[in-house]
Amino acid sequence: MVPPPNELCGIPGFGLVPDQEIRHYIQNLGPAALKSSPTEAIKHRTFFGTLPLRQFKIFFIGDTLVVCTTKDISKGEEIYNCYGPHYCRMNRDERQAVLQSQYHFTCDCAACQGGDVDHHRFGAYKCPRCAGVVHTSTCLECDLIVDSSTMANLKARSTQCQKLFENACGLMNAQQYQAALAVFEQCREQRQEFLYKHHRDLALVQDALARCWASQGDFCTAADHLNASVEFARLLYGSRSLEYAHELHKLAEVLFNAGRVRECVDVADRCLHMFADLYPPGHKVLREVKELCEMAQKALVPQVNPR
Ligand SMILES: [Zn+2]
Ligand SMILES: [Zn+2]
C-alpha cells in the first residue's frame, strides 16, 4: 500500500510554490520528460523523491499519463504533487478541515506550519491608520491594534458587501447588465474603503465588472477592469503559474475584441510562452493563443489599399 502523502497544500502547475507541495509517491520516471501508462506508473513505484513543483507537471493524453520535469530526477528523490487544498486558495483551517475529512491526516507542510504569513494580505482588512494589512485585529505594518467594536464593524460591512456582490451576480445572470454594473460598482467602492488593496474580494468584483462590460460589448472598459484581476492572479499565484497564464489569455481575447491589438499581441505572446511550459505541444489552449496572436499581428499590419 502507498504511504499516505503528508504535505497536501501544493498546487498543480509550474511556477507556483516551490516549497509547499505534497509528497506523492511515484515510480522512478528518469530524466526530463517521459511517458508511461498509469498501470506502468503503479507497477514501478520504486522510489519517491522531492522536487519543487515549479519543475514538475503531470497530465493525461488520452489514457497515457505524462510526467514532465525541467530537471533530471535522481533515483530515490521525492516528487511533490498537489491534492487540491492550496494555501493560495484557502486559509490554514480550511485546508486542515478538507484534508482531515478527505484524507484523514494532519498536514504539516511549510505553509501549515508557518501560518500563511505571506498570504494574510489576500484576505485582510485595511489598516485605518496606514492602509496596511490587518491580521487578527493587528496591523502587520504599523502595529496598530484595532479595537473589537471596529473589527465587528468591519465584519458586518464585509457581510453587507458580500450580499451586494451576490445581488449583482444575480442581476448579471438575468442579463440585466446596467443594473448589475451599478451594484457591482457600489460593492467595489465600499470594499475599497475597508479591504486591503490585495484582498481577493476586490479582484473578484473587478473580474465581475469586466464580465458585465464584455457582455454589453464594451470590451475596452472590460479590459481595464480585467487588468486588475490579472495582476491579482500574478501576485497570488506567481508569475509563472497556470492561473496567471489563463488570466492573461482571457485579457488577450478581450483586448483583441476591444481593437487594442498592439496590447493584445504583447499579452498573447507572454501567455504563449507560459503555456508552452505548461502544456504539451499541440495542446488546444496553445493552438488557441497562437491563432489569437497571429490574428492580432495581422491586424497590426497596415492594409494596402487596392488601386
Ligand atoms: Zn499543509
Ligand atoms: Zn497600520
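# Reading a predicted model, feature by feature

Guide: Helix α8 covers residues 242-257. The 16 residues of α8 reach 23 Å from the first C-alpha to the last, close to the 22 Å expected at 1.5 Å a residue. Keep in mind that this is a predicted model.

Visitor: Which residues of α8 are buried?

Guide: Burial is read from relative accessible area, and under 20% counts as buried. In α8 the list includes Leu-242, Tyr-244, Ala-245, Leu-248, Leu-251, Ala-252, Val-254 and Leu-255. Glu-243, Glu-247 and His-249 are on the list of buried residues too.

Visitor: What comes just after α8?

Guide: Gly-259 is found there, with a positive phi of about 80°.

Visitor: How many residues does α9 have, and what span does α9 reach?

Guide: Helix α9 (261-278) has 18 residues. From first C-alpha to last, α9 reaches 25 Å, close to the 26 Å expected at 1.5 Å a residue. Its buried residues include Val-261, Cys-264, Val-265, Cys-271, Leu-272, Met-274 and Phe-275.

Visitor: How many residues are in the largest nonpolar core, and which have the most contacts inside it?

Guide: A nonpolar core is a set of buried nonpolar residues joined through side-chain atoms within 4.5 Å. Here the largest one has 44 residues, and Leu-248, Leu-251, Phe-275, Tyr-279 and Val-289 have the most contacts inside it. Two or more residues come from each of α3 (110-114), α6 (200-215), α7 (219-237), α8, α9 and α10 (284-300). Of these, α9 gives the most, with 10 residues. The core draws at least three residues from each of domain 1 (1-115) and domain 2 (160-300). Leu-248 and Leu-251 are also among the buried residues of α8, and Phe-275 is among those of α9.

Visitor: Now the metal. Which residues are the protein donors of the zinc ion (ligand 2)?

Guide: Look for the protein atoms around the ion. The donors are the SG atoms of Cys-127, Cys-130, Cys-139 and Cys-142, at 2.2 to 2.3 Å from the zinc ion. Along the sequence, these residues are spaced C-x2-C-x8-C-x2-C.

Visitor: What geometry does the site of the zinc ion (ligand 2) have?

Guide: Ideal angles for four tetrahedral donors are 109.5 degrees. In this site the angles among the 4 donor atoms are 102 to 115°, and the site is tetrahedral.

Visitor: What is the strand order of the open sheet of 3 strands?

Guide: Strands of a sheet pair through backbone hydrogen bonds, either parallel or antiparallel. Here the order is β6-β7-β8, and the pairing is antiparallel. The edge strands β6 (125-126) and β8 each pair on one side only. Between β7 and β8 there are 2 bridges, and His-135 has Thr-138 in β8 as its bridge partner.

Visitor: Where is Phe-122, and is it buried or exposed?

Guide: Phe-122 is in the loop between α3 and β6. Phe-122 counts as buried because its relative accessibility is 0%. Separation in sequence and separation in space are read apart: Phe-122 and Asp-201 are 79 residues apart in sequence, and their C-alpha atoms are 8.4 Å apart.

Notes
Residues numbered from 1 in each chain as written. Chains lettered and ligands numbered in written order. Predicted model: local features only at pLDDT ≥ 70, side-chain atom pairs only at ≥ 80, totals over all residues. Heavy atoms only, no water. Donors = N, O, S within 2.8 Å, 3.2 Å for Na, K, Ca; no water. Tetrahedral: all angles 85-135°; square planar, octahedral: opposite > 155°, others 65-115°. Pairing = 2+ DSSP bridges. Helix = DSSP H or I, 4+ residues; strand = E, 2+ residues; numbered from the N terminus. Expected span 1.5 Å × (residues − 1). Buried < 20%, exposed > 50% of the residue type's maximum accessible area, 1.4 Å probe, protein only. Domains from an automatic or database assignment.
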